[in-house]
Amino acid sequence: MTDEDAMALALGEARAAAERGETPVGAVILDPRTGEVIASAGNGPIAAHDPTAHAEIAAMRLAAARLENYRLTDLTLVVTLEPCAMCAGAISHARIGRVVWGADDPKGGAVVHGPKFFAQPTCHWRPETTGGVMAQESADLLRGFFRARRKAKG
């Protein structure tokens, strides 16, 4: 499965999150050796009443439960938006092998922006990273969602 194929799946999760009123971010975890999708999820903090229910965290929880292992070593996490510091920390603890994201997040991102989590000397595990995959589609989805919310508030 290509990065673009996986990102298309993540974008589907993001669109589903938007339909639920959640910020449209989606994530997919796959086994790069087989191309098998292990887990997928969209953002869910509002419905779950859980500030940690970001798409990445939800997908990692599902993958860990499915594999019966809290270590997700060698798996690839594909997410529509650059992970925040909380998600980057969880990615490191899970030992994800590779992280692929769509849109950069200059305000809240923590991989190439902000704290640059994986570059810190205190980071225990550093995945391979690739940003900008289908970035325009990811960014357009987010912009459209927030534009509609602002318009609805008047």
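By a pocket I mean an open set of grid points with protein on both sides within 12 Å along at least five of seven lines, and a lining residue is one with an atom within 4 Å of a point. Keep in mind that this is a predicted model.

The largest pocket has 14 lining residues. Nearest its centre are Val-25, Leu-81, Cys-84, Asp-105 and Gly-108. Sorted by class, the lining comprises 5 nonpolar, 4 polar and 5 charged residues. The volume of this pocket comes to about 310 Å³.

Now the helices. Two packed helices are described by the angle between their axes and the distance between the axes.

Take α3, residues 55–67, and α4, residues 85–94: they pack at about 25°, and their axes are 9 Å apart. Angles under 35 degrees count as roughly parallel, so α3 is roughly parallel to α4. The crossing of α3 past α4 is left-handed. Which residues meet there? From α3 they are Glu-56, Ile-57 and Met-60, and from α4 they are Met-86, Cys-87, Ala-90, Ile-91 and Ala-94. That contact has 7 nonpolar residues, 1 charged and no polar.

The other pair is α1, residues 3–19, with α5, residues 135–153. Here the angle is about 5° and the axes are 11 Å apart, so α1 and α5 are roughly parallel to each other. On the α1 side, the contact involves Met-7, Leu-11, Ala-14, Arg-15 and Ala-18; on the α5 side, Glu-137, Ser-138, Leu-141 and Phe-145. By class, this contact holds 6 nonpolar, 1 polar and 2 charged residues.

How values were computed:
Residues are numbered from 1 along each chain as its sequence is written. This is a predicted model: local features need pLDDT of at least 70, side-chain atom pairs count only at pLDDT 80 or more; totals for chains, interfaces and linings use all residues. Side-chain values use heavy atoms; hydrogens and water are left out. On a 1 Å grid over the protein atoms alone, a cavity is a set of points where a 1.4 Å probe fits but cannot get out, and a pocket is an open set with protein on both sides within 12 Å along at least five of seven lines; lining residues have an atom within 4 Å of a point. Grid points are joined across faces, edges and corners, and a volume is the space filled by probe spheres set on the points. Ala, Val, Leu, Ile, Met, Phe, Trp, Tyr, Cys and Pro count as nonpolar, Asp, Glu, Lys and Arg as charged, and the others, Gly among them, as polar. Axes are lines fitted to C-alpha atoms, for helices over the stretch in contact, and angles run from 0 to 180 degrees between N-to-C directions. Helices (H or I, at least four residues) and strands (E, at least two) are DSSP runs, numbered from the N terminus. Angles under 35 degrees count as roughly parallel, over 145 as roughly antiparallel, 65 to 115 as roughly perpendicular and the rest as oblique. A crossing is left-handed if the near helix is turned anticlockwise from the far one by less than a right angle, and right-handed if clockwise. Contact means heavy atoms within 4.5 Å.
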